[in-house]
Amino acid sequence: MFAQEFMRNALAAGSFVGVACGLVGYFVVLRAQVFAGDALSHVAFTGALAAAVLGFNILAGLFVACIVGGIFLGVLGERARADDVVIGSLFAWSLGLGVLFLSIFTTKSSAGNGTAGVRVLFGSIFGLSSTDVRISVALATLASLLVLAIARPLLYASLDPAVAAAQGVPVRLLGLAFLAILGLVAGQASQAVGALLLLGLLAAPAGAAHRLTVNPYRGLLLSVLFALGSVWLGLTLSYLFPTLPPSTMIIAVAVGTYVLALLASTTRVVATREETRASYPTEAGSTVLMRAAVGSLASEASTSTARRS
């Protein structure tokens, strides 16, 4: 497998994309901004096809659209949290606009056959050139370093924005910067898994990490490892079974990881409850113990007050 150049290119680019998605995805889930990731996946398709219609580089159009879209969502702030009808209408309109651009592109171009649209929608990680890999590695590295640079204050601002703002943390600026980084990563990941499946690589590994640990730094590490493992295992399965698209296999592994993490966390919660019930067999028994403890504390307090008197 490693003797094939296209596989080496796919593994190199996919590894860096996986690391970036793992880091950014952890904060996407923590900040409840999965909606933003889904929105950028639609914007990626429309931006790439708009660039193709205008005669620009498709990859450049994809990145510009995602980054500008992320900044736009950051500027809107709470106003971006629309109801389901508005969100659904906006997403459908965005995809429809992308289809319109695709139709214009295939009509204008003598060689146009819709391949560009398929590559944007479902990714083309096996078709990356050496130049594409170098660009992918550079941008993914930049995004990862930016996330790590703001990770500590961003974590503070995500968990308790009011207190963070009172302590002088630039909460709004951090949110805007994070969404711009998310746009960069979304454009990058679209090459690997496509615009339609982008959300899976951002949310599933991070969701699994959140299920398994509450420690943020351990969660970041797990999220990166799960995303990286999803890319590697997905590409390997796609190579071994050529009829399976690589993007589909990557997302299948990522979602499977989340399902296993969900089962593990559920089993752990059930086991904890059973241990609690074993310690306090009946509700009446636990009530008696609680009352006894309260009575003991009250007695100690009375004795202490009497001694002070």
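**Helices, rings and a patch**

Modeller: This is a predicted model, and its chain has 12 helices and zero strands.

Biologist: Where is the kink in α6?
Modeller: The kink lies at A151, shortly before the proline P153, and it amounts to about 60 degrees.

Biologist: Changing topic to the rings: how many aromatic pairs are there?
Modeller: The count comes to four aromatic pairs. One of them is formed by F6 and Y239, whose rings are 6.4 Å apart centre to centre, with 40 degrees between the planes, and this pair is described as tilted.

Biologist: Why does that pair tie together parts that are apart in sequence?
Modeller: F6 lies in helix α1 (residues 5-30) whereas Y239 lies in helix α10 (residues 216-240), so the pair ties together parts that are 233 residues apart in sequence.

Biologist: What about their accessibility, starting with F6?
Modeller: F6 has a relative accessibility of 31% and therefore counts as partly exposed, while Y239, with a relative accessible area of 27%, is also partly exposed.

Biologist: Which other pair can you show me?
Modeller: Y26 and F27 form an aromatic pair that is edge-to-face, with 5.9 Å centre to centre and 90 degrees between the planes.

Biologist: Are Y26 and F27 buried or exposed?
Modeller: Both Y26 and F27 are buried.

Biologist: Back to F6 for a moment: which residues form the aromatic cluster with F6?
Modeller: F126 and Y239 do, and together with F6 they form one aromatic cluster.

Biologist: Now the surface. Which residues form the nonpolar patch there?
Modeller: That patch is formed by V255, V259, L260 and L263, which together have about 350 Å² of accessible area.

Biologist: Where does V255 sit, and how does its accessibility count?
Modeller: V255 has its place in helix α11, which covers residues 246-279, and because its relative accessibility is 40%, V255 counts as partly exposed.

Notes. Residues are numbered from 1 along each chain as its sequence is written. This is a predicted model: local features need pLDDT of at least 70, side-chain atom pairs count only at pLDDT 80 or more; totals for chains, interfaces and linings use all residues. Side-chain values use heavy atoms; hydrogens and water are left out. Rings of Phe, Tyr and Trp (its six-membered ring) pair if their centres lie within 6.5 Å; planes under 30 degrees apart count as stacked, over 60 as edge-to-face and the rest as tilted. Helices (H or I, at least four residues) and strands (E, at least two) are DSSP runs, numbered from the N terminus. Buried means under 20% relative accessible area, exposed over 50%, partly exposed in between (1.4 Å probe, protein chains only). Patches are made of residues with over 30% relative accessible area and no salt bridge: like charges are joined within 9 Å, nonpolar side chains (Val, Leu, Ile, Met, Phe, Trp, Tyr) within 5 Å. Accessible areas come from the Shrake-Rupley method with a 1.4 Å probe; for residues, only the protein chains shown count as cover. A salt bridge is a side-chain nitrogen of Lys or Arg within 4 Å of a carboxyl oxygen of Asp or Glu. The bend at a residue is the angle between axes fitted to the seven residues ending there and the seven starting there.
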